[in-house]
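Please read them alongside the sequence and the coordinates.

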Amino acid sequence: MRIVIVGGVAGGMSCAARARRLDERAEIVVLERGANVSFANCGLPYFVGGEISEERSLLVQTPQSLRAALSLDVRTGSEVTAVDIAAKSVTVRNDGGSYDLPYDALVLSPGASALRPPLPGLDSSRVRTLRTVEDAVALREAVHDGARRAVVLGAGFIGLEAAEALARQGLDVSIVELAPHPLPPLESELAWLVTQELAELGVETRAGVGALSIEHADDADTVVLADGARLPADIVVLSVGSRPDTAPFEAAGIACERGAIVVDSHGRTSAPAVWAAGDATVSVDAVTGIRRPAALAGPANRAGRLIADDILRPDDARAVPPPVGTAIVRVGELTAALTGANRADLETAGIEYRTLHLHPSQHAGYFPGAAQIHLVVQIRASDGLVLGAQAVGTDGVDKRIDVLATAIRAGMRVDDLIDLDLAYSPPYGQAKDPVNLVGMVGENVQNGTLTLWYPQQFHEVAGSALILDVRTRAEYATGYLPGSLNIPHTELRERLDAVKDAAGGRPVRITCQSGVRSAIAHRVLAQAGFDSASLSGGMLTLRAWLGARESEVLEYEGVLS
């Protein structure tokens with residue numbers, strides 16, 4: 001049996017290695033267009049930034065090591081230009097010309113190429129991408145050759161990593177993002193924290209604006225933005241997205257959607273004996289059912305392995321599960337991570353949800369180094385099913401998002417999180433881990449013990465309710481909502497009449513710093529007969545949601561108490 005695999009790196013090499021372990025007699029040919037069949041593409045920005053010092057560290061395997069270890073026939077510099085489905089053959093082009101290669105099973109893992117918008121000047125030699133080892137080497141050489149200013153177009157995961165890498169090398173960096181904030185899948189109240197950290201790194205963020213053109217000159221290029229700004233650049237990194245690299249396969253009649261190969265639950269395409277995996281395929285979102293490519297290394301690796309099972313052990317092969325979409329990125333001292341659906345995806349899918357905001361410490365508060373994790377969790381309104389989670393913080397973010405990703409995969413409801421038995425010792429966590437706390441807050445919301453209001457509602461609330469701020473007077477003076485009444489939560493029980501008089505029959509909407517004290521105050525007021533609700537995540541969430549508009553909304557003088 002001859003298995004031909006188009007594309008190496010994640011999905012392709014995972015499939016090839018698994019196929020060899022299952023069948024010593026199969027002929028396995030891997031065709032890779034580039035020079036490297038197995039490299040650390042996720043490590044490229046860290047090579048540019050100097051944290052990975054040697055280029056050879058990026059090369060995970062070579063054709064020679066793969067032949068020795070797994071008896072794989074790996075052919076680099078070999079591009080598949082056509083597929084003859086009826087003849088079960090691919091046309092391969094290399095430096096020596098073209099030839100046809102028959103197959104018994106064909107696996108397509110071509111990946112994606114950098115999206116190149118129709119931007120005047122994009123053909124400048126100073127414009128770079130960051131998708132291959134050669135890209136990373138060229139970027140680092142440009143830095144070492146004296147580049148001082150860089151503009152990164154696109155503030156997704158790769159764009160952020162590239163901006164940080166170049167800033168660490170001492171360049172003046174601007175990052176441009178058409179969406180309203182960096183890392184567009186992140187909720188806005190968390191993205192603001194990323195924006196602030198970029199500023200700490202010395203990276204200028206220009207969000208909500210696109211590039212119009214790149215003007216070339218002998219000494220430098222100039223990136224012209226839609227708002228009229230002109231950004232000089234010795235390096236321009238293009239990172240505005242990617243498109244599936246599937247032209248020859250779509251031309252062969254293999255079904256695609258918006259350029260991405262359509263596959264079933266075992267990675268089979270519309271063509272017989274042809275499978276596909278990775279960035280070039282359509283994935284069905286595990287939470288929302290939205291169909292789109294999932295450009296993530298983990299799902300691609302696992303899909304490649306499962307496709308090998310389906311080729312060689314079809315009766316026992318497990319289905320390729322729909323991806324949950326778990327991802328993580330470092331930005332300076334912060335980590336940002338996400339899993340499952342965000343609010344925009346849920347609204348697009350028509351799924352009713354509730355949002356939980358929490359700001360717990362990553363480990364025991366009394367142990368040195370305690371720091372907050374800023375958590376946003378989405379749950380289904382009807383039954384509390386965990387739909388998505390995001391977190392930003394300096395420590396402990398990865399652990400919590402991984403647990404919540406597991407909860408989503410397992411179909412857990414939010415109250416199930418209360419009972420998770422997670423590792424605890426003061427340097428590592430809390431007796432009530434942040435994930436347990438998500439469960440407790442969510443259960444309270446689901447059963448009516450806790451009613452929430454949200455930052456998005458503050459204009460409406462200000463016009464129709466009494467805003468009660470239960471922070472201390474010193475905290476209150478650092479910034480408060482106009483017209484709010486300040487009664488510290490420790491005094492609330494003795495001052496219910498004051499709340500009643502100030503409310504004048506209106507609802508009471510409570511806030512504190514993080515949502516903990518306002519939840520306590522809500523229980524006091526609710527049991528005293530008030531229509532009350534607690535601001536989800538408190539002033540920490542409100543301030544982050546307001547972002548640069550904070551000073552336009554909050555007041556800092558004239559304390560009312």
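1. What volume does the second largest pocket have? In this predicted model, the second largest pocket comes out at about 590 Å³.

2. The lining of the second largest pocket consists of 26 residues. Those that lie nearest the centre of the pocket are Leu358, Leu437, Val441, Gly515 and Val516. By class, the lining residues comprise 12 nonpolar, 12 polar and two charged.

3. Turning to helix packing, helix α1 (residues 11–22) meets helix α8 (residues 297–312), with axes that come within 7 Å and cross at roughly 35°. The crossing of α1 and α8 is right-handed. On the α1 side, the contact is made by Gly11, Ser14, Cys15, Arg18, Ala19 and Leu22. The α8 side contributes Ala300, Asn301, Gly304, Arg305, Ile307, Ala308, Asp309 and Leu312. Sorted by class, the residues of the contact of α1 with α8 are seven nonpolar, four polar and three charged.

4. Strands of a sheet pair through backbone hydrogen bonds, in either a parallel or an antiparallel arrangement. The next two points take one sheet of each kind.

5. The antiparallel case is an open sheet of three strands, in the order β6-β7-β8. Its edge strands, β6 (79–84) and β8 (97–102), each pair on one side only. On average, and with direction ignored, neighbouring strands of this sheet are turned by 25° against each other. Between β6 and strand β7 (residues 89–94), the antiparallel pairing extends over five bridges. Ala82 has Thr91 of β7 as its bridge partner.

6. The parallel case is an open sheet of five strands, which follow the order β11-β18-β12-β13-β14. At the edges are β11 (127–128) and β14 (203–207), each of which pairs on one side only. Within this sheet, strand β12 (residues 149–153) pairs with strand β13 (residues 172–177) in the parallel sense, over five bridges. Val152 stands opposite Ile175, a residue of β13.

7. Which helix lies across β11 and β18? Helix α4 (residues 133–144) does, and α4 runs at about 160° to β18 (235–238).

Key
Residues numbered from 1 in each chain as written. Predicted model: local features only at pLDDT ≥ 70, side-chain atom pairs only at ≥ 80, totals over all residues. Heavy atoms only, no water. 1 Å grid on protein atoms, 1.4 Å probe; cavity = no way out; pocket = protein on both sides within 12 Å on 5 of 7 lines; lining within 4 Å. Points joined across faces, edges and corners; volume = space filled by probe spheres on them. Nonpolar A, V, L, I, M, F, W, Y, C, P; charged D, E, K, R; others polar. Pairing = 2+ DSSP bridges. Helix = DSSP H or I, 4+ residues; strand = E, 2+ residues; numbered from the N terminus. Axes fitted to C-alpha atoms, helices over the stretch in contact; angles between N-to-C directions. Left-handed = near helix turned anticlockwise from the far one by under 90°. Contact = heavy atoms within 4.5 Å.
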